[in-house]
Amino acid sequence: MGYYPRTYKYTLDEVMIDRGRDGEPLLVDGQHRLFIAKVCGVKEIPVLVVVRHREYVDRG
């Protein structure tokens, strides 16, 4: 999981994303859950936003 605390991996079941400088979601963890949701036709799922790019935050 790179530099993310291991506690996230074992305590949360959400798909984890980062937000890029333009606000685009960048998948960090939960590829299998995301794939299964897509296959099952689920339109929305909960995600945990781990990191937001400074430029994205500054545009507010």
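Confidence in this predicted model averages a pLDDT of 82 over the chain, with 80% of residues at 70 or more; pLDDT is the predictor's confidence in each residue, from 0 to 100. Local features need pLDDT of at least 70 and side-chain atom pairs count only at pLDDT 80 or more, while totals for chains, interfaces and linings use all residues. Residues are numbered from 1 along each chain as its sequence is written, and side-chain values use heavy atoms, leaving out hydrogens and water.

**Fold and confidence**
- The chain has three helices and three strands, taken as DSSP runs numbered from the N terminus (helices: H or I, at least four residues; strands: E, at least two).
- Reading from the N terminus, the order is α-β-β-α-β-α.
- Mean pLDDT is lowest among the elements in helix α1 (residues 6–11), at 53, and highest in helix α2 (residues 31–39), at 95.

**Packing and surface**
- Of the 60 residues in the chain, 17% are buried (under 20% relative accessible area, 1.4 Å probe, protein chains only).
- Contacts (heavy atoms within 4.5 Å) between residues at least 6 apart in sequence join residues at least 24 apart in 54% of cases.

**A patch to look at**
- F35, I36 and V39 make up a nonpolar surface patch, with about 320 Å² of accessible area together (nonpolar side chains joined within 5 Å, each residue with over 30% relative accessible area and no salt bridge); a salt bridge is a side-chain nitrogen of Lys or Arg within 4 Å of a carboxyl oxygen of Asp or Glu.
- F35 lies in helix α2 and is exposed, at 54% relative accessible area (the cut-off is over 50%).

Key
Patch = residues over 30% accessible without salt bridge, like charges linked within 9 Å, V, L, I, M, F, W, Y side chains within 5 Å. Areas by Shrake-Rupley, 256 points an atom, 1.4 Å probe, with all protein chains shown as cover.
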